[in-house]
Amino acid sequence: MSNRFTTQWTLFVSLLTTSILYGQVIPIETQQNALVLQTDASKRVGISYFGPRLQQTAEYGSIIKESRQQDENAGIFNSAYTPSGSWSLCEPAIRITHADGNTSLELQYQSHQTQKQDDNVSLTTVILKDPAYAVEVTLYYKTYAKENVVEQWSTIRNQEKGTITLHKYASANLYFVGKQFHLTHYHGGWAHEMNPEETQLKAGILSLDSKLGTRANLFQPPTFMLSFDKPASEEEGKVLLGTLGWSGNFKIDFETDTYNNLRLIAGINPHASEYPLTAGQEFKTPSFIYTYSDHGKGEASRNLHRWARKYRILDGEGSRLTLLNNWEATYFDFNEQKLTGLFADGKKLGVDLFLLDDGWFANKYPRNGDNAGLGDWKENAKKLPHGIGYLVKEAQKAGVKFGIWVEPEMVNPKSELYEKHPEWVIKQPARPEHYFRNQLVLDLSNPKVQDFVFGILDDLFTKNPDLAFIKWDCNAVIYNAHSEYLKSAKQAESKLYVDYVLGLYKVLERVRAKYPKVPMMLCSGGGGRVDYEALKYFTEFWPSDNTDPLERIFMQWEYSYFYPTIAHCDHVTDWGKQPLKYRTDVAMMGKMGYDIVVSKLDEKDLQFSQQSVATYRSISDVVWHGDLYRMVNPRENDFASLMFVNGDKSRSVWFNYMVSSRFGAGSGRAVPLKGLDPKKKYALKEINLYPGTQSKITKEAVYTGDFLMTAGFNPAVNLNRTSVIIELTEVK
């Protein structure tokens with residue numbers, strides 16, 4: 001008997017023994033990590049292991065045996081999808097009322113299978129059923145092996161004869177064992193997004209949630225970092241990065257039990273969202289997406305970036321357009337002559353596209369401010385007597401493409417749409433209307449409203465087939481939640497929050513089916529809606545209306561943990577007190593655009609800006625598709641330092657920015673770089689210098705990757721050189 005055959009036989013016997021003694025063992029693995037499920041004597045499915053993948057699959061049995069004994073001694077069961085009303089007293093993942101009014105639920109293992117979708121992607125399904133009621137739950141675990149990312153969701157199927165009601169219906173239920181847990185979550189508001197807060201989780205439940213209905217991320221996004229045992233750093237520590245792919249109300253619960261272990265439950269917020277399922281109907285929950293690393297936050301974020309570019313963001317491995325937006329140049333005050341002049345400015349600057357922002361539509365109630373016209377999507381005849389088609393052609397004549405802003409989900413009370421279709425508006429008929437930015441939300445649970453919203457985009461593209469870009473905004477939240485459509489259709493109004501989002505996705509699916517390649521920016525007064533379900537339909541998102549470059553350094557730093565920079569829209573504007581070079585260098589860290597009055601730039605500023613657009617084109621491939629490494633955190637130092645490295649480690653772009661103006665602030669020391677090939681030699685060159693200035697870096701600056709990552713290099717960023725970009729190129 002060969003050694004290979006003996007090893008395989010030993011593994012088989014070990015797994016068989018484990019299965020007999022401890023039930024079904026279901027490993028869910030990526031290249032580096034594993035989540036192991038296992039059934040008990042009552043056919044319940046629990047979580048027996050989460051952490052680094054073991055080389056010998058059979059050894060999961062030893063972990064299972066040990067964890068099972070500990071669980072039995074503690075009197076707990078680490079359910080993979082905790083039901084309510086039966087054996088568990090913990091926070092449930094699912095709570096329902098059966099057709100006969102019974103509120104208990106038990107879920108027992110029926111079967112499972114793992115299917116390889118390709119060499120990298122596998123899908124494991126686990127089917128659970130209630131032994132007393134005809135309710136079936138399927139757990140889905142989609143693994144992306146090389147990226148070490150897991151996408152997890154569930155479906156709930158009603159096979160009873162009557163209607164059941166879902167009160168809670170989570171996407172994921174995970175269980176972690178550790179000495180202690182530290183949660184980094186985010187909070188903020190308009191122009192003040194993505195402020196991190198680190199908390200050690202103690203006994204009890206900490207919840208992240210939103211009840212805003214639309215632009216649900218305005219005050220708190222569904223993204224977090226969870227460190228195991230101690231707070232993770234960039235390069236050290238065990239950490240999980242997680243986020244929910246859902247554009248509406250969410251809730252993520254972190255429950256620390258009496259044994260200091262942690263239960264995580266993530267999904268749609270059940271607040272005011274009881275969801276009825278008729279006989280034979282199925283409900284699919286949104287995806288909970290996560291990656292785990294025992295080498296710090298940097299590796300975890302790079303995992304997520306690679307996954308997002310390849311599998312989730314629309315055209316994530318493609319390119320992006322540079323643009324000039326008119327908003328901060330004109331606001332609502334423009335006409336055809338003023339706009340065509342800006343087209344010429346865009347060409348002079350060297351960008352690809354001109355973007356016309358808010359204010360181009362409505363006639364009875366002209367859109368001259370944010371208090372009227374929203375919903376009346378016909379060109380304003382006074383401002384644009386020749387229509388959008390004329391602007392598209394004039395832009396092309398000037399040598400730039402043309403894009404346009406829309407906010408199709410919203411309506412001003414002062415509009416023809418509101419007068420004609422008040423029943424399309426989300427509002428309580430017996431309550432005073434409550435406005436957010438002088439507007440209300442259209443009811444996307446209504447198929448007629450879905451047709452209307454799709455028609456706005458379809459009409460623009462049909463009349464203007466050369467339209468090259470859409471900025472899709474969403475500024476209001478839902479007050480006085482009520483659907484006249486659901487009421488008249490005799491459907492539960494508690495479906496509104498969920499069906500609104502599902503209606504939005506139906507519209508976006510139709511848009512992408514007909515116009516699959518047009519770039520679209522996801523905008524919600526900033527990052528109020530960015531998530532990985534919405535980004536299936538959008539090429540990029542607007543992180544914040546706050547474009548002060550100093551503020552953007554901090555915001556973009558935090559966003560970068562969860563979203564790759566190819567998706568960040570970063571514009572050069574007149575916000576802030578920093579010089580033009582600083583503002584431009586910060587915008588280069590993502591998808592660069594401009595929101596300035598080009599005609600007001602002096603000769604040197606114009607020369608610098610033209611040079612910057614050309615420089616950006618030369619480095620954009622590395623910024624968009626390279627791996628991101630963070631060296632110096634601006635929250636802990638008086639400057640920020642980070643770099644992007646391309647796939648074969650032959651090129652890198654290194655960004656440095658001052659974030660303090662105190663005396664003596666600056667690098668003052670060598671910064672060890674990251675992500676390079678230690679055996680390669682690199683030439684260092686400072687780029688994007690302002691006209692008339694000289695670099696502090698000599699032309700002979702060539703070092704090995706080993707030297708640069710060990711001894712480091714001083715970028716000489718200081719109060720006189722507030723932003724420094726250095727390009728590293730392999731020398732052969």
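The backbone oxygen of P286 lies 2.6 Å from a polar atom of the S171 side chain. In this predicted model, S171 sits in strand β9 (residues 164-176). S171 counts as buried because its relative accessibility is 1%, and the cut-off for buried is under 20%.

**Around S171**
- A second polar contact ties the S171 side chain to the side chain of T285, at 3.4 Å.
- Leaving out residues up to four places away in sequence, S171 touches Q152, W153, S154, L244, A266, G267, T285, P286 and F288.

**Nonpolar cores**
- The largest nonpolar core holds 180 residues.
- Within this core, L37, F176, F224, L226, W360, F402 and F655 touch the most other members.
- Helix α10 (residues 496-514) contributes the most to this core, with ten residues.
- Another core, of 22 residues, lies apart from it; V632, W654, L676 and L728 are among its members.
- F176 touches F50, F181, L226, F228, L240, N261, L262 and L264, again not counting residues up to four places away in sequence.

**Helix α5**
- The 14 residues of α5 should span 20 Å at 1.5 Å a residue. The end C-alpha atoms of α5 are 20 Å apart, so the model agrees.
- At the start of α5, a side-chain oxygen of N335 comes to within 3.2 Å of the backbone nitrogen of Q337.
- The buried residues in α5 are E336, L339, L342, F343, D345, G346 and L349.
- G350 follows α5 and has a positive phi, near 105°.

**Helix α6**
- Helix α6 covers residues 387-398, twelve in number. At 1.5 Å a residue they should span 16 Å; the end C-alpha atoms are 17 Å apart, which agrees.
- Buried in α6 are G387, I388, L391, V392, E394 and A395.
- These buried residues pack against α5 (336-349), β21 (353-356) and β22 (401-406).
- Just after α6 comes G399, with a positive phi of about 100°.

**Three-stranded sheet**
- This open sheet runs in the order β1-β2-β3, and its pairing is antiparallel.
- Its edge strands are β1 (25-29) and β3 (45-52), each of which pairs on one side only.
- From one strand to the next, the twist averages 20°.
- β1 and strand β2 (residues 33-39) run antiparallel and are joined by five bridges.
- Opposite P27 stands V36, in β2.

- Strand β31 (residues 639-645) and strand β32 (residues 651-658) run antiparallel, with seven bridges between them.
- M643 has W654, in β32, as its bridge partner. W654 also belongs to the core of 22 residues.

Conventions: Residues numbered from 1 in each chain as written. Predicted model: local features only at pLDDT ≥ 70, side-chain atom pairs only at ≥ 80, totals over all residues. Heavy atoms only, no water. Helix = DSSP H or I, 4+ residues; strand = E, 2+ residues; numbered from the N terminus. Expected span 1.5 Å × (residues − 1). Buried < 20%, exposed > 50% of the residue type's maximum accessible area, 1.4 Å probe, protein only. Contact = heavy atoms within 4.5 Å. Core = buried A, V, L, I, M, F, W, Y, C linked by side-chain atoms within 4.5 Å. Pairing = 2+ DSSP bridges. Axes fitted to C-alpha atoms, helices over the stretch in contact; angles between N-to-C directions. Polar contact = N/O pair within 3.5 Å; in protein donor to acceptor, adjacent residues only side chain to side chain.
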